[in-house]
Amino acid sequence: MAHELLSGFSAAEVNQVLALGSHLTVPFGGSLFRLGDRADSLFLIERGRIHLTFPMVVRGKEEDVFFEEKSAGQTVGWSAMVSPYRFTLSASAPLETEVIALPREALGAFCERSPEAGRKICLNLAVLVGQRLQLVQAMWMREMQHVVELKSANAATKG
Amino acid sequence: MDMLLMGLCFTFIGLAVTAMAFAASTRPKATSPKMQPELPATKVVPARFFSERVTPSIPTHIQVPIEVLLQQIENHIRLEQAAAESFVAYPNHTLLHSKTTSPFVN
């Protein structure tokens, strides 16, 4: 399994990093973390899928609404590496899913011991964060366009 | 002369009686409002000139189940995300504001 967070690592380095973590199995429909929880570990998906969701009030009731789907090889929970270390989305498994939980402290200590590996992890993390930023920025710009079109259509109807 | 006048009188009386009888038979019968049969209320159907096809009446607001609504929201987000990914791969004005098939924006 090639993990995006460990892109550019040798097999030995990959094994060293994975040895820092622990395997977790999230059952079908199970929760990996909830929005607002303390983020002490990030997760590498070994098998299965993770749905990232956010709360939305639908017909007066709070519902978890789909935001993004992550699959094997991808990383979730990078809030563990960014202050204030709180998850900003919820994560659950739409099918039985296996992840490797990498504690922030253990990963930080590894990066101090192996600066070159640490640099690669930081670059890979920057790619993940940057991709999310670009995606959300594009979605926000599209949404603003929809809002303006809706507003113009309403004004035209009233006028 | 007397006979002629008498004949005219009988003729006028006969005509008057006939006219009264005709008026009585053709006058609409006055009925009390209580006796009026109640007609069922019917919708006013617009006239159809060139087609006899009946347009189905569609309710203006159908309350879909919450599961269906959440699925529609998920589909919308997936479509918007795919459109945003296309823009991120090749940033240009057309891709930024490309329309998806999502019912939320159409």
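1. In this predicted model, 16 residues of chain B are in contact with 14 residues of chain A, two residues being in contact if their C-beta atoms, placed from the backbone, lie within 7 Å. Helix H2 (residues 66-89) of chain B supplies the largest share of the chain B side, 13 residues. Helices (H or I, at least four residues) and strands (E, at least two) are DSSP runs, numbered from the N terminus. By residue class, the chain B side divides into 11 nonpolar, two polar and three charged. Here Ala, Val, Leu, Ile, Met, Phe, Trp, Tyr, Cys and Pro count as nonpolar, Asp, Glu, Lys and Arg as charged, and the others, Gly among them, as polar.

2. On numbering and confidence, residues are numbered from 1 along each chain as its sequence is written, and chains are lettered from A and ligands numbered from 1 in the order in which they are written. Local features need pLDDT of at least 70 and side-chain atom pairs count only at pLDDT 80 or more, whereas totals for chains, interfaces and linings use all residues.

3. H2(B) lies across strand E4 (49-58) and E5 of chain A, at about 40° to E5(A). Axes are lines fitted to C-alpha atoms, for helices over the stretch in contact, and angles run from 0 to 180 degrees between N-to-C directions.

4. E4 and E5 belong to an open sheet of four strands in chain A, with the order E2-E7-E4-E5 and antiparallel pairing; two strands pair if DSSP finds at least two bridges between them. Strand E2 (31-33) and strand E5 (61-71) of chain A stand at the edges with a single partner strand each, so one side of each has no neighbour in the sheet. The twist averages 35° from one strand to the next.

5. E2(A) pairs with strand E7 (residues 90-92) of chain A in the antiparallel sense over two bridges. A:Phe33 stands opposite A:Ala91 in E7(A).

6. The largest nonpolar core has 25 residues, and those with the most contacts inside it are A:Leu32, A:Phe43, A:Leu44, A:Ile50 and A:Val99. Such a core is a set of buried Ala, Val, Leu, Ile, Met, Phe, Trp, Tyr and Cys residues joined through C-beta atoms within 7 Å; a residue is buried if 20 or more other C-beta atoms lie within 10 Å of its own. E3(A) gives the largest share, four residues.

7. Leaving aside neighbours within four places in sequence, the contacts of A:Ile50 include A:Leu32, A:Lys70 and A:Ala91.

Technical notes: A residue is buried if 20 or more other C-beta atoms lie within 10 Å of its own, exposed if 12 or fewer, and partly exposed in between; C-beta atoms are placed from the backbone.
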